[in-house]
Amino acid sequence: MRKTTSLDEGQSSLLDIRGEEPLAARLRPRSLEEFVGQEKLVGEGRPLRRLIEGDRLSSMIFWGPPGVGKTTLAKIIAEMSKASFIDFSAVTSGIKEIKSVMEEAEQNRRYGQRTILFIDEIHRFNKAQQDAFLPYVEKGSIVLIGATTENPSFEVNGALLSRCKVFVLDPLKPSDIVTLLKRALSDPRGFGGEKIEIEDSLLEAIATFSNGDARSALSTLEMVVLNGEEVDGKTLVSKETVEQCTSKKSLLYDKKGEEHYNLISALHKSMRNSDPDAAVYWLARMLEAGEDPLYIARRMTRFASEDVGLADPRAVELAVSCYQACHLIGMPECAVHLTELAIYLSLAPKSNAVDVAYMKARKDALTMLDEPVPLVIRNAPTKLMEELDYGRWYQYAHDYEEKLTTMQCLPPSLEGRVYYEPTEEGVEGRFKTRLKAIKEWKKAHRE
C-alpha cells in the first residue's frame, strides 16, 4: 500500500532507477494523451474519458486481459484527480491492512477529502475481504477502482459489483502495440538515447507475438535489443534474434539416442505406406530392444488420427484399446496386441485431413492476434454478461427443422476460412458429402 507520488517526483525517480526498472515500467503512460488503445473508453468524448477529465468518478471495475492498460489507467486517474489516491494490492494485503486503509479514508471524508482506492487483482480477495469494503463504498468514504483479469460476475461479490460500473478493456490491436514499440525506441525513458536498428516488419512480428499484451511486447523488445549485435556504435536487431527470443524451446523427453527415433520413424512410415510386413518388423525390432510398449502404443494412437483419421473412425478406438491392453498385461504378452494394431493401421484407408485441418488452424492461432469469441456464441450466465450482449442473437440449431442455421461462429477476420477438407477415402467419403450439403444449404439461406 502506498500513496502515489506527483508527476515530477515520478519522473525524477524513473531517471534515478532507469537501469533497474523493466522497459514496460519506464514507459508507462503518464496521461490520457500518451495512453494507447481502448478508444471506445478513453477516446475523445468517450464516457470514461469524460469522467476522468471531469473528476467525477464513481466506483468501477476494469476488466480485461493482462497488459491492456488497467493499472495504467488507474495511475493516470491518480495524477488527474484531486482526491487522495491509495494503491492497494490484493496479493499482499489482508483484513488488517484493509481496516487501516478504511480508517484513513473515513478520516479524509470527515475533512471533505475524497479517497480513491485502487485494488489491483481484486479477484484475489475472498468474500470476507471484499465485504469489508462494502459499507465504505455505500456511504461514500471511498471510490473503489478494481482491476481484474477474471470475469467480475464470478469473482466479485454481487453486492459490491452492483455498486460498480464495469468497463471492459480489450486486447490491444497490433497497430497499437507497434505504436508503443516505436515510442519505446524514441522515448528517452526507453531506448531514445541509443541507436537501435530494427525493421518495421520485426516490430509487427513482436506485436503479433504479444497477443494484445503491451507489457509482453515491451519485454520482448527489451530482450531483442539486449541480444542485438553491436556494430559501429549501433545495435542491430536481426530476424534471427527476434525468432530466438520469441520461439518456444522444444523439449526431448526421451534420451535413448538417434536410433530410437529412427526406429519409431520407420514404423510410422511403414504403416503410412500400407506395408504391414515392414510395420511388424520395425515393431519387433523396437520391442525386442526393450522399448516401452506404452510409448509405441501412444505413437500408434497418434497415427490413428493423424494418418487414418475419419477415413476409418474405428482406428483410434482400437488404438486406445490396445494402449489399455498394454497397460494391463505388459510385455511380452501385449506384443500381439501391438502387432494386431500395426497390421490394422497399415491396411486401413488413409486420410490426413484431420491433421492438416489442425495444422492450418494452429498456424492462424500462432501468427494472428488472439481473436475474441464472437458475442453471439458466448454464454451469458450472469446479468452483467447479458447487458454486454453475450449470447444475443444466438441461434439454437435444434429449434430449426434442418438442425442448421446461418450463424457465423468464426471471428469476423477469419470468416470463410476452411480448415477441414475431407478426402473420399473409406468412411470419410460420407463426411465429404455431408459437409458439401451443409455448406450449400448455408450459402443458399444466407443469400
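As a predicted model, it is read with pLDDT of at least 70 for local features and 80 or more for side-chain atom pairs, while totals for chains, interfaces and linings use all residues. Residues are numbered from 1 along each chain as its sequence is written, and side-chain values use heavy atoms, without hydrogens and water.

The lining (residues with an atom within 4 Å of a point) comprises 31 residues, and Lys40, Val168, Leu169, Asp170 and Arg378 lie nearest the centre of the pocket. Strand 6 gives the largest share, 4 residues; helices (H or I, at least four residues) and strands (E, at least two) are DSSP runs.

| Element supplying at least two lining residues | Residues |
|---|---|
| Helix 3 | 39-42 |
| Strand 6 | 165-168 |
| Helix 20 | 383-387 |

By class, the lining has 16 nonpolar, 5 polar and 10 charged residues.

Elsewhere in the description, the axes of helix 10 (residues 174-186) and helix 12 (residues 214-226) come within 10 Å and cross at roughly 40°. Ile177, Leu180, Leu181, Ala184 and Leu185 in helix 10 meet Ala214, Ala217, Leu218 and Leu221 in helix 12, with contact meaning heavy atoms within 4.5 Å. The residues of this contact divide into 9 nonpolar, no polar and no charged.

Key:
On a 1 Å grid over the protein atoms alone, a cavity is a set of points where a 1.4 Å probe fits but cannot get out, and a pocket is an open set with protein on both sides within 12 Å along at least five of seven lines; lining residues have an atom within 4 Å of a point. Ala, Val, Leu, Ile, Met, Phe, Trp, Tyr, Cys and Pro count as nonpolar, Asp, Glu, Lys and Arg as charged, and the others, Gly among them, as polar. Axes are lines fitted to C-alpha atoms, for helices over the stretch in contact, and angles run from 0 to 180 degrees between N-to-C directions.
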